[in-house]
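Colleague: I'm new to this one, so could you take me through the part around the ligand? A close look at that spot would help me a lot.

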Amino acid sequence: MAGSKVLVLGGGFGGVQAAISARASLDASHEVTIVDRNRVPHLCGMNPLLIVGERDTDKTGRSLGRLANRGIKFVEANINSIDTTGQRVETSAGTLDYDYLVIALGAAYDWDAVP
Ligand SMILES: Cc1cc2nc3c(=O)[nH]c(=O)nc-3n(C[C@H](O)[C@H](O)[C@H](O)COP(=O)(O)OP(=O)(O)OC[C@H]3O[C@@H](n4cnc5c(N)ncnc54)[C@H](O)[C@@H]3O)c2cc1C
């Protein structure tokens, strides 16, 4: 479908890779957008360097805003709900509609599950 909208929910490892792959496969008439509540998600692979003091806490992420250089739009917002019938997503920054949706919101930790 020409001029379609690809919406990727979550700017972690999965979401960023999905957006980069979609962007590389589609011509400029298609729009690729990532939504994440954090502009600079923490990269957990940095944790070992953080623990041994070889990396500062403010240098353990990468800005999703930089994806604009690759033709990927970034929206900083919390995702509240997904309406697959109406093909739209409610976020703290408003309603986003889509033709194709990628859900890459990661895992939610249950801190109380482990004593
Ligand atoms: C301590 C630790 C160390 C790890 N080390 C490694 C390693 O060395 N090698 C390896 O391969 N894997 C490692 N992993 C696993 C790896 O981090 C995960 O497999 C990977 O991050 C999963 O990718 P994802 O895209 O599914 O989710 P995530 O990377 O968790 O991304 C999910 C994104 O969704 C966003 N999000 C979630 N809910 C909402 C919402 N409601 N609204 C807006 N945004 C939202 C979050 O902000 C986040 O940016 C490690 C994990 C941990 C916890």
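Modeller: Let's start with D36: one of its polar side-chain atoms sits 2.6 Å from an oxygen atom of the ligand, a polar contact, meaning a pair of N or O atoms within 3.5 Å. Keep in mind that this is a predicted model, where local features need pLDDT of at least 70 and side-chain atom pairs count only at pLDDT 80 or more, while totals for chains, interfaces and linings use all residues. Residues are numbered from 1 along each chain as its sequence is written, and side-chain values use heavy atoms, with hydrogens and water left out.

N38 also has a side-chain N or O atom 3.3 Å from an oxygen atom of the ligand. With I79, it's a backbone N or O atom that lies 2.8 Å from a ligand nitrogen. On its own the ligand has 1000 Å² of accessible area, and the protein covers 54% of that (Shrake-Rupley method, 1.4 Å probe; for residues, only the protein chains shown count as cover).

Now the wider shell. There are 19 residues around the ligand, and G14, D36, C44, I79 and Y109 come nearest; a residue is near if one of its heavy atoms lies within 4 Å. Sorted by class, the shell has eight nonpolar, nine polar and two charged residues. Here Ala, Val, Leu, Ile, Met, Phe, Trp, Tyr, Cys and Pro count as nonpolar, Asp, Glu, Lys and Arg as charged, and the others, Gly among them, as polar. Helix α1, residues 13-25, gives the most to this shell, with three residues; helices are DSSP runs of H or I, at least four residues, numbered from the N terminus.

Methods: A polar contact is a pair of N or O atoms within 3.5 Å; within protein, one must be able to donate a hydrogen and the other to accept it, and residues adjacent in sequence count only if both atoms are side-chain atoms. Helices (H or I, at least four residues) and strands (E, at least two) are DSSP runs, numbered from the N terminus.
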